[in-house]
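User: Could you take a close look at one part of this model for me, the backbone at its loops? I would enjoy a connected walk through it.

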Amino acid sequence: MERSSRLLAHLLLFFSVAVLIAAASFYLDNDAGHGDAASLHLTQAGWQETTAPAYAAPPATMDSADLAPAWRLVSLPFSPSIALLRQAESGTSGKPPTAVRVTWLKVAVDHYPVPASPLALYGIRVKTDGTIAVYINGRLAHRAQQNGPSWNSTRTPLWFTLDQGRGSEPVREILLRLEHSYASQTALASLRLGPAEVLRPSYHLRMWLQQQLPAMLSAAFLAVGVFALFVWLRRPHEIAYLLFFNLSATAFLRGLHFYVDLPVENDWFAWLTVNSLFWLVLAVHFFLCQLHQRPLRWLTRGLVAVTLAIAVLTLPVLAVLPNMPTVTPLIYIVAPMMSLLACVVGGICAWRHSAEGRLVVYGIFACTAMGMTDWLLQNNVISAEGWYLGAYAPAVCFVTFGILMYRRYVDAIAEVERVNASLAERLKKREAELEASHQRLREIELRQTISDERQRLMQDMHDGLGSSLISAIRSVERGNMSDERVSQILKDCLDDLKLTIDSMEPVEADLLLLLATLRFRLEPRLEGTGVQLLWEVKELPTLPWLNPSSALHILRIVQESIANILRHTRASEIRVGTTAGADGVQVHIADNGAGFDVAQALSNGAGRGLQNQQRRAASVGGKVSWLSHPAGTLFTLWLPLARKG
């Protein structure tokens, strides 16, 4: 990232130098490119200045012969220096300086034929803050900036077409009348007279490069600044975004007068244009301090003091430093000196601490160089056909801070990706830990289940099979039990063991599957006794609570009921059926044997088997009932669909 930042900074510097070179080359090409024989390049003029008490509308007719014969021959482009203005002032008969001066420029046109197509007059630049009037052969042909002082003529090329009809006389003389305030300077580029279709492309290109393109760049810079303002509103702790907005807004207002006529008095306009440069330098300094994170209190206090001092001293109401051609340019020199000082100190501080700071320093150096060319052009040091490169400073700032925003955006994405990768790694480790913990819990649960099942089997075998075997052993030892009784006890023990094994089979909460298992065990035994088993079960809903322990209780209840029928009723058939209700299911076992007194059986000791059935049914949340009569007995086991608790 460090190497890429340096590369971007070098590219920015190269871009700025390329703009300067391209502007110079375009200027040279522009001079050479108009050598077309179809247009006349006017490079000589007569010049003189007069005074006026106030701005006034130009007369409808004016000829050079109506003016004093004090013409001085000058070359176009014409950019009078301060010394020349002083010389002109000394020739005004010792009169004190007036509010308005009028510059006259007379251009003679020799032997230019009247073409068939309309003629146009084109000049790259006319610099004045008052009315521009152009007379062709003594008649007013063009007038601009009529509503008092205006400051955008430096960016607006001179262009108008001549009303040439059949029989029109050829152009002999072009007279320019330029009104301007005493404290301002004037300049005029060379003029071109020729067919409108020949000169129009050059005019539109110059207009686009001097006004439209800089206006778009300035608006784009302001748009990025507004975006930075909204970012700051969401992240108020990042003051750099607010400073960037201030920088873009000040730069936009600084150049606004070049594109729009502003109804501002001349002195206040000068105050705004002068001080806006110092505000820009101050905003850049604060921005650099935010980047390299060093306060530089001595430099900050110095820049603020100079800015405030110039703002106060140049106030029109005080007029300590009035707006004069000998004073205002000197004040303008202070701004680039402050800018260079802020850039040098900020660059030294940011050289090892902030790549972004170095990038901004490169951009501000380029903008300062462009501003110096503007100062030279504005003060008539260089040709009036040059370029105001400061208009393209917003483009340099846009590129500079666009690179900063791009780097921060890329860094933010990289940081998010790094955080996401870290979170993914932590999540992966956590999942592995949870999987290992879950595996341990499953192993513990499996061991616990096996232990519980072992305990249950041991308890069931102890209560059922063990108790029956111990009772049979004691009876055999005492000799009071027949072989038939011993055989029956052993068969009961075997059945109980089978029931215990069957209860371990997975029945998936299906009562019918559990009853089918019991049928498989009992059917061979019933066939040996001559008793017919009628299986009349129907589909039943599942019982979610049906686990191995509950299954064993149900099997023993049903087995006990069938065993009681075989032992006591001498029945020839047994019917097993099922029904479903709203809150439970029922298992019915009916026989056609001799009935018994249910109440008496439950009340005396002989009904221990019936009581065991009641106890086992209650343990699973169910109920048992008997309906007995001489023709048979109906046993019913009710089981709930859902157990409470």
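**A look at the loops**

Pro77 sits in the loop between strand 3 (72–75) and helix 2 (82–90); here helices are DSSP runs of H or I with at least four residues, strands are runs of E with at least two, and both are numbered from the N terminus. The peptide bond that leads from Leu76 into Pro77 is cis, its omega being near 5°.

Before we go on, please keep in mind that this is a predicted model, in which local features need pLDDT of at least 70, side-chain atom pairs count only at pLDDT 80 or more, and totals for chains, interfaces and linings use all residues. Residues are numbered from 1 along each chain as its sequence is written, and side-chain values use heavy atoms, with hydrogens and water left out.

Next comes Leu296, in the loop between helix 5 (266–292) and helix 6 (297–313). Leu296 is not a glycine, yet its phi is positive, at about 50°. With a relative accessible area of 11%, Leu296 is buried (buried means under 20% relative accessible area, exposed over 50%, and partly exposed in between, with a 1.4 Å probe and protein chains only).

Arg570 also has a positive phi without being glycine, near 55°. Its loop runs between helix 12 and strand 14 (573–580), and Arg570 counts as exposed because its relative accessibility is 73%.

Helix 12 itself (residues 548–568) holds Ser561, which is buried at 6% relative accessibility. Leaving aside residues up to four places away in sequence, Ser561 touches Ile589, Gln613 and Phe635, where contact means heavy atoms within 4.5 Å.
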